[in-house]
Amino acid sequence: MQLDFNEERIKEMEVAPSLRPFSEKAVEFLSELSTQLFKVARPYPDVVAFAYWCRKAALVSYAEKYKDSCNRLGRGLIFHIAPSNVPVNFAFSLAAGLLAGNKNVVRLPGKDSVQAELICGAIEKTFEKYPDMYRYAYPIRYDKASGYTDILSRYCNVRVIWGGDDTIREIRRSEIPARAFDITFADRFSFCVIQSDDYMALEDKRSVASGFYNDTYLSDQNACTSPHIVFWTGKSVEKARDIFWKELQALADERYELQAVQAVGKLDAFCMAAMKQKCRICGERGKDNLIKNNLVRVELSELDKSIRAYRYHSGFFFEYRMRVLTDMLALCEEKCQTISYVGNIGREIEKIVAEAGVNGVDRIVPVGRAMDFSLVWDGYDLIRTMSRIVART
């Protein structure tokens, strides 16, 4: 697929009409894209997940939640800046922009990936069936020093910036029109809460470990949704911890390939944390009595909100035994995005968060669902934010 910058194409997109949210054009286009991806995506679970997300039955289901959006139109041209840590993120962002009724230019990460190549190839094939949608979806890749960000920013009605605080500061140097605005997805962190008694009552404990593995290892814990801290609660913590980590260790041994630089990074992360926090390293011991490096656990004896500054990735977890569930509020600050959980505690967590009026926490999801994309993300309703109301009085 041609991914080079083409200003003439941008101008064609600029004058194309905005669509209503969940227009037939957008739904049919994404449905066909899903069909194309299912033909080639099997080896890549994240691409399969995107294809499943935008199949027609799912899109119709999403549309049901936006029945009141019939008096809306897309805001115009959306300029998406995709992050590099989640290869398929650009596709979800593009799909959300389309469903909101917009024309979309998506800057792909500078580093290519097989997933991006597959999705862009499928988009090109889908254009063959829906050529008019060529003016509504434009994946693009260019060097950051090219100046194209300035040009695209001048054309856009909304700019969607993924990738963290530094990326946001860099992109905001490029001016946007007076009526345009930014939707930003800054650096965030997430944690997991496991109710030990409920966990012990589960027959299929391997499925919990598999869900947690998908939430963490599949993105190397680089996604904002990936938990770095596991909170334990209940009366069966010791038994539950032993089983849970053994199950996860077995999956890591089977599926995860640790690089030498990651092992060194984990050691460095623990040493930095140990200098400032009351903690100890623990875990299953392997050959030569050494801790297995593909899963490193650091147990905290005290909980300090500064612990998030010492988090690492590649299977590096802090864990803490809570006296009461409200202990978790120490980390529910503005930078906290997702709380995943195991057990019948979802509603209780939601109640605690609401009553405390915390500045953070935008998602509360069962373990295994942390990476699931939603049209409500980081507190933004993407459909309503990327469309405008046409009022009649």
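Me: Helices here are DSSP runs of H or I with at least four residues, strands are E runs with at least two, and both are numbered from the N terminus. Which helix is Asp253 found in?
Reply: Asp253 is found in helix H11, residues 237–255. This is a predicted model, where local features need pLDDT of at least 70 and side-chain atom pairs count only at pLDDT 80 or more, while totals for chains, interfaces and linings use all residues. Residues are numbered from 1 along each chain as its sequence is written, and side-chain values use heavy atoms, leaving out hydrogens and water.

Me: Why does Asp253 count as partly exposed?
Reply: Buried means under 20% relative accessible area, exposed means over 50%, and partly exposed is in between (1.4 Å probe, protein chains only). Asp253 has 40% relative accessibility, so it counts as partly exposed.

Me: And why does Ser190 count as buried?
Reply: Ser190 comes out at 1% relative accessibility, so by that cut-off it counts as buried. Ser190 is found in strand S7, residues 189–195.

Me: What makes S7 mostly covered?
Reply: Seven of its seven residues are buried. Phe189, Phe191, Val193 and Gln195 point one way, Ser190, Cys192 and Ile194 the other, and all are buried.

Me: How do you know that S7 and S12 pair?
Reply: Two strands pair if DSSP finds at least two bridges between them. S7 and S12 (residues 336–342) have five, in the parallel sense, and Phe189 stands opposite Cys336 in S12. S7 also has six bridges to strand S8 (residues 227–233), again parallel; the S8 bridge partner of Ile194 is Trp232.

Me: What lies 2.5 Å from a polar atom of the side chain of Ser190?
Reply: The backbone oxygen of Cys224. A polar contact is a pair of N or O atoms within 3.5 Å; within protein, one must be able to donate a hydrogen and the other to accept it, and residues adjacent in sequence count only if both atoms are side-chain atoms. At 2.5 Å this pair is within the distance limit, so it passes on that score.

Me: What makes Arg159 and Asp182 a salt bridge?
Reply: A salt bridge is a side-chain nitrogen of Lys or Arg within 4 Å of a carboxyl oxygen of Asp or Glu. The closest N and O atoms of Arg159 and Asp182 are 2.8 Å apart, and 2.8 Å is within 4 Å, so the pair qualifies. Arg159 sits in strand S5 and Asp182 in strand S6, 23 residues apart. At 2% relative accessibility, Arg159 counts as buried.

Me: Why would Asp242 and Lys246 pass as a salt bridge?
Reply: Their closest N and O atoms are 3.5 Å apart, still within the limit, so they pass. Both lie in helix H11, four residues apart, about one turn of the helix. By this rule the count comes to 25 salt bridges.

Me: What makes the largest nonpolar core a core, and how many residues has it?
Reply: A nonpolar core is a set of buried Ala, Val, Leu, Ile, Met, Phe, Trp, Tyr and Cys residues joined through side-chain atoms within 4.5 Å. The largest one has 56 residues, and Trp53 is among those with the most contacts inside it. H5 gives the most to this core, with eight residues.
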